[in-house]
Amino acid sequence: MTSPLSTADLQAAFRERFGSDPDGVWAAPGRVNLIGEHTDYNEGFVLPFAIGMSARVAVSLRTDRTVRVVSTFGNHGVVSTDLNKLSAADAKGWTKYPLGVVWAFTEAGVDVPGFDLLLDSDVPLGAGLSSSHAIECAVATALNDLCAADLPVERLVLLTQRAENFFVGAPTGIMDQSASLRGREGAAVFLDCRDQHAELVPLALAENGLAILVIDTKVSHSHSTGGYASRRASCELGAEVMGVKALRDLTLDDLAEAAGLLDEETFRRVRHVVTEDARVLDTVETLRDKGPADIGALLDASHASMRDDFEISCAELDLAVETARGAGAIGARMTGGGFGGAAIALIPVEQEAPVRAAVADAFRAAGYKEPDIFTVTPAEGARRVI
Ligand code: GLA
């Protein structure tokens, strides 16, 4: 994992690359989803939180319709784009995230005159912690300020989703950017993805002697290809056959009828989404009434549903979850879109060392890549740093 540059170092690096001071520095975090997976694009419920790792951008406006971007990672130099010729097909690597945001802002009528941008990020890439949305949200927050667009968070969420869907080409929902933009220290974001109604739910981990461990399996995944899109298509088919606008409109009581109307695989996809929505609501209630020590069974049930019904887990994620649980975790589940990435384990703080050791041993014994294991706490969302 990389460590972040200090703000002063980021400003100095910007000066070195572009020859003048940036107008400002903005940050947006990655996220962990506590529960509510593949429910966002079904207009259901999610409960993610922003984490302490973030993407940071130093930015200065230009007036010549040119965007120049460079990062502290990767080996290419400054990439220059003429905004009059902005095209998704020409955007390479991580540059499609800032350029996608510019595209979405421009399409929405915001005049982006051009800018220079230096990116630094300590959100691990491909770990399922939303490194791409962290970049998009940092850029969106910067442009919202610098272009005096004054867009409310709901619009920023939808614009970054458009950037992902139509510029980057990943048919994702609104969970990741909502967590990055709305996150607050010590709380999870309970979001109704139908109308973007959001409430902060206290997630008092340390106060209860608990921690959340992220186990990055290092199995890389992409939501621009394959599995993610096919799961989304199954959900849309399920909603259509059941005669509802979105799977959010089905309840647990509707599942018996769904079993009779849907083919076996589509039924299991639908059952995951309907039961997962119910688990999010249960988790919120449990957190409010009893606290985080009581949500373990819901996390476990969520993982089983993703493994067996939605089929988006993989052997490494299952091993991480089972081993963590066996070594003392209260509950564990894969987090994010699936097909790789990370699992989370809710642990009593004194179990951190045994759980880490057990997972590392199990991965070694199975011949898997060495996982990255670290704790996360709910942190502040996107903001101007300086
Ligand atoms: C990815 C997507 C989100 C969401 C999750 C699954 O992270 O970006 O919109 O669909 O997968 O819950």
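This is a predicted model: local features need pLDDT of at least 70, side-chain atom pairs count only at pLDDT 80 or more; totals for chains, interfaces and linings use all residues.
Helix α3 covers residues 131-146. With 16 residues at 1.5 Å a residue, α3 should span 22 Å, and its end C-alpha atoms lie 23 Å apart, which agrees with that expectation. Of the 16 residues of α3, 15 are buried, so the helix is largely enclosed by the rest of the structure. Just after α3, residue A148 adopts a positive phi of about 50°.

Two packed helices are described by the angle between their axes and the distance between the axes. For α2 and α3, the axes come within 9 Å and cross at roughly 45°. Angles between 35 and 65 degrees count as oblique, and the two helices are therefore oblique to each other. Their crossing is right-handed.

The contact between the two helices involves Y97, P98, V101, V102 and F105 from α2. On the side of α3, the residues that meet them are S132, I135, E136, V139, A140, L143 and N144. By class, this contact has nine nonpolar, two polar and one charged residues. An α-helix has 3.6 residues a turn, so residues three or four places apart point the same way.

Residue T95 is placed in the loop between β4 (79-82) and α2 (96-107). The relative accessibility of T95 is 3%, and because buried means under 20%, T95 counts as buried. When residues up to four places away in sequence are not counted, T95 touches V69 and V79.

Definitions and conventions
Residues are numbered from 1 along each chain as its sequence is written. Side-chain values use heavy atoms; hydrogens and water are left out. Helices (H or I, at least four residues) and strands (E, at least two) are DSSP runs, numbered from the N terminus. The expected span of a helix is 1.5 Å times one less than its number of residues. Buried means under 20% relative accessible area, exposed over 50%, partly exposed in between (1.4 Å probe, protein chains only). Contact means heavy atoms within 4.5 Å. Axes are lines fitted to C-alpha atoms, for helices over the stretch in contact, and angles run from 0 to 180 degrees between N-to-C directions. Angles under 35 degrees count as roughly parallel, over 145 as roughly antiparallel, 65 to 115 as roughly perpendicular and the rest as oblique. A crossing is left-handed if the near helix is turned anticlockwise from the far one by less than a right angle, and right-handed if clockwise. Ala, Val, Leu, Ile, Met, Phe, Trp, Tyr, Cys and Pro count as nonpolar, Asp, Glu, Lys and Arg as charged, and the others, Gly among them, as polar.
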